[in-house]
Amino acid sequence: MGPLTYFANDTSLQDAYLNAADDFAVDSEGNIYIAEKGLNRVLKAQLSTVTIPSTEPSPDFSGDGKVDFTDFLEFAGEFGNKGSEPGFDTKFDLDQDNEIGFGDFLIFAQAFGT
Ligand SMILES: [Ca+2]
Ligand SMILES: [Ca+2]
């Protein structure tokens, strides 16, 4: 597996704050769609190669053995938190860069539905 790379068709996706997201989907081509009803738009990005860490933390935040919408809701609630802030939960920091951000979302999205 190569390093984490992604291509965003809509550059605003890179700045998307997931607390504004109402839903998202990943299709069989590896495209991610994020619906932001409040902002009345759908963002699209394409995944190429994503390295999923074989060790903890796992994208299965709820620990039920599935990566599904429940996990997404938990993740969305933590999005944007930084390691220096109180309440930071390292289980959401999938790429372990001490911040819960877009890189973590890409790893999560790749695991979604597995
Ligand atoms: Ca789960
Ligand atoms: Ca991170």
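**Exercise 1. Determine how far helix α2 of this predicted model is enclosed by the rest of the structure.**

Solution. Take α2 as residues 102-111; helices (H or I, at least four residues) and strands (E, at least two) are DSSP runs, numbered from the N terminus. Next, apply the burial criterion: a residue is buried if 20 or more other C-beta atoms, placed from the backbone, lie within 10 Å of its own.

Residues are numbered from 1 along each chain as its sequence is written, and chains are lettered from A and ligands numbered from 1 in the order in which they are written. Local features need pLDDT of at least 70, side-chain atom pairs count only at pLDDT 80 or more, and totals for chains, interfaces and linings use all residues.

**Exercise 2. Find how the buried residues of α1 are arranged, and what they pack against.**

Solution. In α1 (residues 69-78), the buried residues are Asp71, Phe72, Phe75 and Ala76. Viewed down the helix axis, they fall within an arc of 135° (taken from the directions from the axis to the C-beta atoms), so they line one face. Their packing partners are β2 (23-26) and α2. After α1 comes Gly80, with a positive phi near 95°.

Key
Buried ≥ 20, exposed ≤ 12 C-beta atoms within 10 Å, placed from the backbone. Contact = placed C-beta atoms within 7 Å.
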